[in-house]
Amino acid sequence: MLKLQNLSKTYSKGEVKAVDNINLDIKPGEIFGFLGPNGAGKTTTIKMIVGLLKPDDGKVYINGIDAWENPIEAKRQLSYVPDTPEIYDKLKGIEYLNFIADMYEVPREIRQERMEKYLEIFNLKHAIGDIIGSYSHGMKQKLVLISALIHEPSLFILDEPMVGLDPKSSFQLKEIMRERCDEGKTVFFSTHILEVAEKLCDRLAIINKGKIIALGTMEELRSRAEERESLEKIFLELTENE
Ligand SMILES: Nc1ncnc2c1ncn2[C@@H]1O[C@H](COP(=O)(O)OP(=O)(O)OP(=O)(O)O)[C@@H](O)[C@H]1O
(Lines give C-alpha, C1' and ligand atoms only; values in the text may rest on other atoms or scores of the structure.)
Protein backbone atom coordinates (compact mmCIF):
# COMPACT_ATOMS: atom_id res chain seq x y z
CA MET A 1 0.00 0.00 0.00
CA LEU A 2 2.69 2.46 1.05
CA LYS A 3 6.25 1.68 0.19
CA LEU A 4 9.29 3.84 0.93
CA GLN A 5 12.49 2.86 -0.78
CA ASN A 6 15.86 4.29 0.26
CA LEU A 7 14.26 7.62 1.03
CA SER A 8 16.60 10.46 2.03
CA LYS A 9 16.43 14.20 2.57
CA THR A 10 18.96 16.73 3.77
CA TYR A 11 18.54 20.39 4.70
CA SER A 12 20.95 23.32 4.93
CA LYS A 13 22.94 22.34 1.83
CA GLY A 14 23.42 18.79 3.02
CA GLU A 15 24.50 19.63 6.55
CA VAL A 16 21.37 18.30 8.27
CA LYS A 17 20.49 14.72 7.35
CA ALA A 18 16.81 14.81 8.28
CA VAL A 19 15.88 11.46 6.70
CA ASP A 20 18.61 8.96 6.04
CA ASN A 21 17.91 6.10 3.65
CA ILE A 22 14.69 4.74 5.10
CA ASN A 23 12.73 1.73 3.85
CA LEU A 24 9.21 0.77 4.86
CA ASP A 25 6.51 -1.48 3.44
CA ILE A 26 3.06 -0.91 4.89
CA LYS A 27 0.22 -3.28 4.10
CA PRO A 28 -3.45 -2.55 3.42
CA GLY A 29 -5.50 -2.72 6.62
CA GLU A 30 -2.63 -1.67 8.89
CA ILE A 31 -2.56 1.16 11.39
CA PHE A 32 1.08 2.04 11.28
CA GLY A 33 2.71 4.31 13.84
CA PHE A 34 5.79 6.37 13.06
CA LEU A 35 7.29 7.10 16.43
CA GLY A 36 10.26 9.27 17.26
CA PRO A 37 11.51 12.10 19.46
CA ASN A 38 11.41 15.75 18.35
CA GLY A 39 13.51 16.40 15.28
CA ALA A 40 13.77 12.69 14.40
CA GLY A 41 12.59 13.19 10.80
CA LYS A 42 8.89 12.28 11.02
CA THR A 43 7.43 15.41 9.41
CA THR A 44 10.09 15.44 6.70
CA THR A 45 9.24 11.83 5.82
CA ILE A 46 5.52 12.58 5.75
CA LYS A 47 6.02 15.64 3.55
CA MET A 48 7.94 13.51 1.05
CA ILE A 49 5.12 10.93 1.03
CA VAL A 50 2.38 13.48 0.39
CA GLY A 51 4.29 15.40 -2.27
CA LEU A 52 5.23 18.55 -0.35
CA LEU A 53 8.99 17.96 -0.20
CA LYS A 54 11.01 16.40 -2.97
CA PRO A 55 13.27 13.59 -1.76
CA ASP A 56 16.99 13.92 -2.46
CA ASP A 57 17.02 10.19 -3.09
CA GLY A 58 14.69 7.24 -3.06
CA LYS A 59 11.13 6.42 -4.04
CA VAL A 60 7.63 6.65 -2.59
CA TYR A 61 5.02 4.21 -3.91
CA ILE A 62 1.35 4.54 -3.05
CA ASN A 63 -0.73 1.59 -4.21
CA GLY A 64 2.13 0.85 -6.57
CA ILE A 65 2.08 4.38 -8.04
CA ASP A 66 5.33 6.32 -7.99
CA ALA A 67 4.28 9.41 -6.02
CA TRP A 68 6.81 11.70 -7.64
CA GLU A 69 6.33 10.44 -11.22
CA ASN A 70 2.52 10.39 -11.09
CA PRO A 71 1.72 12.92 -8.37
CA ILE A 72 -1.96 13.48 -9.22
CA GLU A 73 -2.76 9.76 -9.37
CA ALA A 74 -0.87 9.20 -6.13
CA LYS A 75 -2.59 12.08 -4.35
CA ARG A 76 -6.00 10.73 -5.29
CA GLN A 77 -5.25 7.74 -3.08
CA LEU A 78 -4.49 9.68 0.06
CA SER A 79 -5.58 12.21 2.62
CA TYR A 80 -3.13 14.19 4.68
CA VAL A 81 -3.69 15.89 8.01
CA PRO A 82 -0.70 18.11 8.85
CA ASP A 83 0.48 18.81 12.40
CA THR A 84 -0.63 22.44 12.20
CA PRO A 85 -3.96 23.18 10.51
CA GLU A 86 -3.13 26.00 8.13
CA ILE A 87 -6.35 26.66 6.25
CA TYR A 88 -8.06 29.55 4.56
CA ASP A 89 -9.18 31.85 7.35
CA LYS A 90 -11.51 33.84 5.11
CA LEU A 91 -13.67 30.84 4.13
CA LYS A 92 -16.57 29.49 6.13
CA GLY A 93 -16.18 25.94 7.42
CA ILE A 94 -18.79 24.65 5.00
CA GLU A 95 -17.12 26.41 2.05
CA TYR A 96 -13.81 24.77 2.91
CA LEU A 97 -15.38 21.31 3.10
CA ASN A 98 -17.14 21.80 -0.23
CA PHE A 99 -13.92 23.07 -1.79
CA ILE A 100 -12.06 19.92 -0.73
CA ALA A 101 -14.96 17.68 -1.81
CA ASP A 102 -14.97 19.43 -5.22
CA MET A 103 -11.24 18.85 -5.63
CA TYR A 104 -11.67 15.15 -4.98
CA GLU A 105 -14.85 15.04 -7.12
CA VAL A 106 -17.03 13.63 -4.35
CA PRO A 107 -20.67 13.52 -5.59
CA ARG A 108 -23.14 15.83 -3.80
CA GLU A 109 -25.26 13.25 -1.98
CA ILE A 110 -22.25 11.31 -0.78
CA ARG A 111 -20.42 14.38 0.51
CA GLN A 112 -23.58 15.55 2.26
CA GLU A 113 -23.93 12.27 4.07
CA ARG A 114 -20.27 12.16 5.12
CA MET A 115 -20.22 15.80 6.22
CA GLU A 116 -23.30 15.26 8.40
CA LYS A 117 -21.75 12.18 9.95
CA TYR A 118 -18.34 13.66 10.79
CA LEU A 119 -19.63 17.10 11.81
CA GLU A 120 -21.84 15.30 14.30
CA ILE A 121 -19.01 13.04 15.55
CA PHE A 122 -16.58 15.93 16.03
CA ASN A 123 -19.25 18.30 17.35
CA LEU A 124 -18.63 21.03 14.79
CA LYS A 125 -22.08 21.33 13.25
CA HIS A 126 -22.90 24.57 15.10
CA ALA A 127 -19.87 26.41 13.66
CA ILE A 128 -19.95 25.27 10.06
CA GLY A 129 -21.46 28.55 8.82
CA ASP A 130 -18.80 30.63 10.58
CA ILE A 131 -15.57 32.00 9.15
CA ILE A 132 -12.59 29.69 9.84
CA GLY A 133 -10.65 32.69 11.19
CA SER A 134 -12.97 32.64 14.20
CA TYR A 135 -12.25 28.96 15.00
CA SER A 136 -10.02 27.79 17.85
CA HIS A 137 -6.96 25.66 17.05
CA GLY A 138 -8.86 22.48 17.98
CA MET A 139 -11.83 23.42 15.77
CA LYS A 140 -9.53 24.03 12.81
CA GLN A 141 -7.90 20.70 13.41
CA LYS A 142 -11.26 18.96 13.47
CA LEU A 143 -12.28 20.70 10.23
CA VAL A 144 -9.12 19.48 8.52
CA LEU A 145 -9.80 15.98 9.81
CA ILE A 146 -13.35 16.05 8.44
CA SER A 147 -12.11 17.33 5.09
CA ALA A 148 -9.60 14.47 5.02
CA LEU A 149 -12.35 11.93 5.64
CA ILE A 150 -14.74 13.25 3.02
CA HIS A 151 -13.21 11.44 0.06
CA GLU A 152 -12.59 8.13 1.84
CA PRO A 153 -8.95 7.75 0.87
CA SER A 154 -7.30 4.35 0.81
CA LEU A 155 -4.32 5.85 2.64
CA PHE A 156 -4.84 8.21 5.56
CA ILE A 157 -1.73 10.10 6.67
CA LEU A 158 -1.73 12.05 9.90
CA ASP A 159 1.11 14.05 11.42
CA GLU A 160 0.80 14.10 15.23
CA PRO A 161 -2.98 13.72 15.07
CA MET A 162 -3.74 13.68 18.79
CA VAL A 163 -1.96 16.93 19.66
CA GLY A 164 -4.55 19.64 20.29
CA LEU A 165 -7.59 17.35 20.20
CA ASP A 166 -9.80 17.04 23.26
CA PRO A 167 -10.06 13.52 24.76
CA LYS A 168 -13.47 12.82 23.23
CA SER A 169 -12.33 13.78 19.73
CA SER A 170 -9.13 11.74 20.17
CA PHE A 171 -11.25 8.77 21.08
CA GLN A 172 -13.50 9.30 18.06
CA LEU A 173 -10.51 9.62 15.79
CA LYS A 174 -9.08 6.37 17.09
CA GLU A 175 -12.41 4.64 16.39
CA ILE A 176 -12.48 6.07 12.86
CA MET A 177 -8.90 4.93 12.23
CA ARG A 178 -9.82 1.42 13.34
CA GLU A 179 -12.97 1.41 11.15
CA ARG A 180 -10.94 2.51 8.11
CA CYS A 181 -8.46 -0.30 8.62
CA ASP A 182 -11.18 -2.88 9.08
CA GLU A 183 -12.35 -1.84 5.60
CA GLY A 184 -8.87 -2.64 4.25
CA LYS A 185 -7.67 0.96 4.20
CA THR A 186 -4.35 2.06 5.66
CA VAL A 187 -3.50 4.59 8.33
CA PHE A 188 0.00 6.01 8.74
CA PHE A 189 0.47 8.45 11.60
CA SER A 190 3.38 10.05 13.38
CA THR A 191 3.69 10.67 17.07
CA HIS A 192 6.33 11.47 19.65
CA ILE A 193 4.21 9.90 22.39
CA LEU A 194 4.77 6.25 23.13
CA GLU A 195 1.37 5.84 24.75
CA VAL A 196 -0.46 7.05 21.62
CA ALA A 197 1.43 4.56 19.46
CA GLU A 198 0.88 1.80 21.96
CA LYS A 199 -2.87 2.26 22.10
CA LEU A 200 -3.40 2.57 18.39
CA CYS A 201 -1.11 0.84 16.04
CA ASP A 202 -0.74 -2.67 14.72
CA ARG A 203 2.89 -2.10 13.83
CA LEU A 204 5.31 0.74 14.25
CA ALA A 205 8.69 2.04 13.25
CA ILE A 206 10.91 4.05 15.53
CA ILE A 207 12.84 6.80 13.81
CA ASN A 208 15.76 8.57 15.42
CA LYS A 209 18.16 11.05 13.80
CA GLY A 210 16.68 10.25 10.39
CA LYS A 211 17.16 6.48 10.61
CA ILE A 212 14.73 3.71 11.37
CA ILE A 213 16.13 1.98 14.39
CA ALA A 214 13.36 -0.53 15.05
CA LEU A 215 10.34 -1.97 13.28
CA GLY A 216 7.67 -4.37 14.49
CA THR A 217 4.75 -4.70 16.90
CA MET A 218 4.96 -2.84 20.19
CA GLU A 219 5.45 -6.16 21.96
CA GLU A 220 8.38 -7.06 19.70
CA LEU A 221 9.98 -3.68 20.19
CA ARG A 222 9.60 -3.77 23.94
CA SER A 223 11.29 -7.13 24.19
CA ARG A 224 14.07 -5.96 21.88
CA ALA A 225 14.51 -2.81 23.98
CA GLU A 226 15.38 -4.99 26.95
CA GLU A 227 18.30 -6.39 24.98
CA ARG A 228 19.42 -3.22 23.21
CA GLU A 229 20.51 -0.27 25.24
CA SER A 230 20.14 2.28 22.41
CA LEU A 231 16.51 1.30 21.84
CA GLU A 232 15.80 1.34 25.54
CA LYS A 233 17.16 4.90 25.75
CA ILE A 234 14.81 6.04 22.98
CA PHE A 235 11.89 4.34 24.67
CA LEU A 236 12.67 6.16 27.89
CA GLU A 237 12.90 9.49 26.07
CA LEU A 238 9.55 8.89 24.39
CA THR A 239 7.93 7.94 27.68
CA GLU A 240 9.17 11.16 29.28
CA ASN A 241 7.33 13.12 26.57
CA GLU A 242 3.96 11.83 27.70
N1 LIG B 1 13.48 23.63 6.69
C2 LIG B 1 14.45 23.10 7.42
N3 LIG B 1 15.72 23.58 7.34
C4 LIG B 1 16.73 23.04 8.06
N5 LIG B 1 16.57 21.98 8.89
C6 LIG B 1 15.33 21.47 9.02
C7 LIG B 1 14.21 22.00 8.30
N8 LIG B 1 13.10 21.29 8.63
C9 LIG B 1 13.52 20.36 9.52
N10 LIG B 1 14.85 20.46 9.76
C11 LIG B 1 15.66 19.59 10.63
O12 LIG B 1 15.52 18.26 10.15
C13 LIG B 1 15.44 17.35 11.24
C14 LIG B 1 14.12 16.57 11.15
O15 LIG B 1 13.02 17.45 11.35
P16 LIG B 1 11.50 16.97 11.29
O17 LIG B 1 10.66 18.19 11.42
O18 LIG B 1 11.30 16.11 10.11
O19 LIG B 1 11.41 16.07 12.61
P20 LIG B 1 10.14 15.56 13.42
O21 LIG B 1 10.47 14.17 13.83
O22 LIG B 1 8.91 15.77 12.65
O23 LIG B 1 10.16 16.50 14.70
P24 LIG B 1 8.96 17.10 15.60
O25 LIG B 1 8.42 15.97 16.40
O26 LIG B 1 9.71 18.10 16.42
O27 LIG B 1 7.97 17.73 14.66
C28 LIG B 1 15.59 18.18 12.51
O29 LIG B 1 16.94 18.15 12.87
C30 LIG B 1 15.16 19.57 12.07
O31 LIG B 1 15.78 20.55 12.85
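**A note on the fold and the ligand shell**

1. Buried here means 20 or more other C-beta atoms within 10 Å of the residue's own, exposed means 12 or fewer, and partly exposed lies in between, with C-beta atoms placed from the backbone. The buried set is Lys42, Thr43, Thr44, Thr45, Ile46, Met48, Ile49 and Val50. Helices (H or I, at least four residues) and strands (E, at least two) are DSSP runs, numbered from the N terminus. Just after α1, Gly51 takes a positive phi of about 95°.

2. A word on the model, please. This is a predicted model, in which local features need pLDDT of at least 70 and side-chain atom pairs count only at pLDDT 80 or more, while totals for chains, interfaces and linings use all residues. Residues are numbered from 1 along each chain as its sequence is written. The protein chain averages a pLDDT (the predictor's confidence in each residue, from 0 to 100) of 90, and 97% of the residues score at least 70. The model's ipTM is 0.95 and its pTM 0.90.

3. Now to the ligand. It is surrounded by 13 residues, the closest being Tyr11, Ala18, Lys42, Thr43 and Thr44; a residue counts as near if its C-beta atom, placed from the backbone, lies within 6 Å of the molecule. Both β2 (16–26) and α1 (42–50) supply at least two residues of this shell, and α1 gives the most, with three.

4. By class, the shell has four nonpolar, eight polar and one charged residues. In this count Ala, Val, Leu, Ile, Met, Phe, Trp, Tyr, Cys and Pro are nonpolar, Asp, Glu, Lys and Arg are charged, and the others, Gly among them, are polar.

5. Four strands form an open sheet in the order β2-β1-β4-β5, with antiparallel pairing. Strands β2 and β5 (65–66) stand at the edges with a single partner strand each, so one side of each has no neighbour in the sheet. Lys9 stands opposite Val19 in β2.

6. Last, Glu73, which sits in helix α2 (residues 71–76). Glu73 is partly exposed, with 13 other C-beta atoms within 10 Å. Its C-alpha atom is 9.2 Å from that of Ile62, eleven residues apart along the chain.

Methods:
Two strands pair if DSSP finds at least two bridges between them.
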